[in-house]
Amino acid sequence: MRRSHLLTAIGLALLGAASSGAVSAQPLAAAGATSPPAATRADAAPPIVIAKDFMFAPGTIAIKAGASVTWKNSDDEPHTVVSDTGLFRSGALDTNESFSFRFDKPGTYHYACSIHPRMVGTIVVQ
Amino acid sequence: MPDEIPVVGRRSALKCLGFGAAGTLFALAGGVLTPTSLAAAAADPRGAARLGKPLFVQISDTHIGFNKEANPDVVATLSRSIDLVNSLPQQPEMIIHTGDITHLSKPAEFDLAAQLLSRLRATEMHTVPGEHDTSDATVSEYLSRFGKASDNRGYYSFDHAGVHFVGLVNVLEFKPGGLGTLGPAQLAWVADDLKGRSASTPIVVFAHMPLWTIYEPWGWGTGDAPQLMDQLRRFGSVTVLNGHIHQIVQKVEGNVTFHTARSTAYPQPAAGVGTGPGPLKVAADQLPGMLGITSASVVKHTRSLALADASLA
């Protein structure tokens, strides 16, 4: 089976709207996300969202256009970070693994964990 | 390969199965569920013999790649589960794996799982994906390996020994904030697949996430499953098999029996206990009793299915 067919089929089945841009996420950050999960200010250090106890915290963060967000998994269970429009999609993040994505355009971006869809979060890009 | 596995007698095998306190054998007669403990079945081998040869064995949630405290050696517990199946006095022809074959959808995890499962004496294995099998960024690993039976949709049906089997996928079209989803395309496919089938045909439906709502706050259910049930209700014997929650939960509704299997890897908490549906750490000597497999046999005079759960204890 050809991979291109497969990806197309899955993309359609998954979100209906997934395009080739869906995997344009930044490469996985090395496990160097050491700063605390503080940043809710747009001008603070690179904002980090922690997945812990089956929740994304902070659940909503505001950043400036061009900034990146890093998600880090602190649970014993893997989590993913999947945009509801197909803009970004991490692979499974095992304990202490992280994923980053840069937001270039202002807007409100919703995402969820595909393994635990009740885990949801929002990035507001100003 | 099968020659390496010592064949044990029925009585000793059933005793082995019955060792876990939670091991229970269910015989379905005319839609009425009659539970008997496996210890009792072992004491009455003729009663157990009437259940006949296992039609298939269900294995679930093997989570190859998991290495946390709740079970640092999931390869060993899957191997013990395979030994348990291979030691059944009458071999099932078929294995159904209800998903979460791997923990992180990594190629190496799928490879190792395939290598381990190839030791099963049963010649046929059918699978459906769990959400852990479709968590790679491109959602391609599972279907590249198991998509052939279904034209890469993941869902498919087949007939075996007069029973119609339907494998469904409820982990792909996830809804943020919601439960598992089958989706309109799959539901339409099921309607077409079941159309024209006699109501007396026994039906087995298998999918990873429970096809009834066990606990909504943890997503333990499938949002559009009621539309599936509408299509199944006219059949005289329907068995719905799921995994996902790593523990046995059962329900009977009319002619439909719902059953979730244990994991071979690690237990999860009962619904709503603790912060979420993560790995449950238990004392090492407790673990085998919380892991296991499910065996299903046809009860000949009623053409319905009997399910038996066996733990690794």
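In chain B, strand S4 (residues 94–97) and strand S5 (residues 124–127) run parallel and are joined by 4 bridges. Strands here are DSSP runs of E with at least two residues, helices are runs of H or I with at least four, and both are numbered from the N terminus; two strands pair if DSSP finds at least two bridges between them. Within this pair, Ile96(B) has His126(B) of S5(B) as its bridge partner. Between S4(B) and S5(B) the chain passes through helix H5 (residues 107–117) of chain B, and this β-α-β crossover is right-handed, that is, with the strands pointing away from the viewer, the path from the first strand over the helix to the second runs clockwise.

The model is predicted: local features need pLDDT of at least 70 and side-chain atom pairs count only at pLDDT 80 or more, whereas totals for chains, interfaces and linings use all residues. Residues are numbered from 1 along each chain as its sequence is written, and chains are lettered from A and ligands numbered from 1 in the order in which they are written.

Chain A contains 1 helix and 8 strands, arranged along the sequence as α-β-β-β-β-β-β-β-β. Of its 126 residues, 42% are buried, meaning that 20 or more other C-beta atoms, placed from the backbone, lie within 10 Å of the residue's own; 12 or fewer count as exposed, and values in between as partly exposed.

The two chains meet through 30 residues of chain A and 28 residues of chain B, a contact being a pair of C-beta atoms, placed from the backbone, within 7 Å. On the chain A side, helix H1 (3–14) and strand S7 (107–112) each supply at least two residues, and H1(A) gives the largest share, 7 residues.

In soluble globular proteins, nonpolar side chains tend to be buried together. A nonpolar core is a set of buried Ala, Val, Leu, Ile, Met, Phe, Trp, Tyr and Cys residues joined through C-beta atoms within 7 Å. The largest one has 61 residues, and those with the most contacts inside it are Ile95(B), Leu168(B), Val204(B), Val205(B) and Ala207(B). Beyond four places in sequence, Ala207(B) touches residues including Val128(B), Leu168(B) and Asn242(B). A second, separate core has 26 residues, among them Val49(A), Ile61(A), Cys113(A) and Ile115(A).

Gln250(B) lies in strand S10 (residues 250–253) of chain B. Gln250(B) counts as partly exposed because it has 14 C-beta neighbours inside 10 Å. Apart from neighbours within four places in sequence, Gln250(B) is in contact with Phe258(B) and His259(B).
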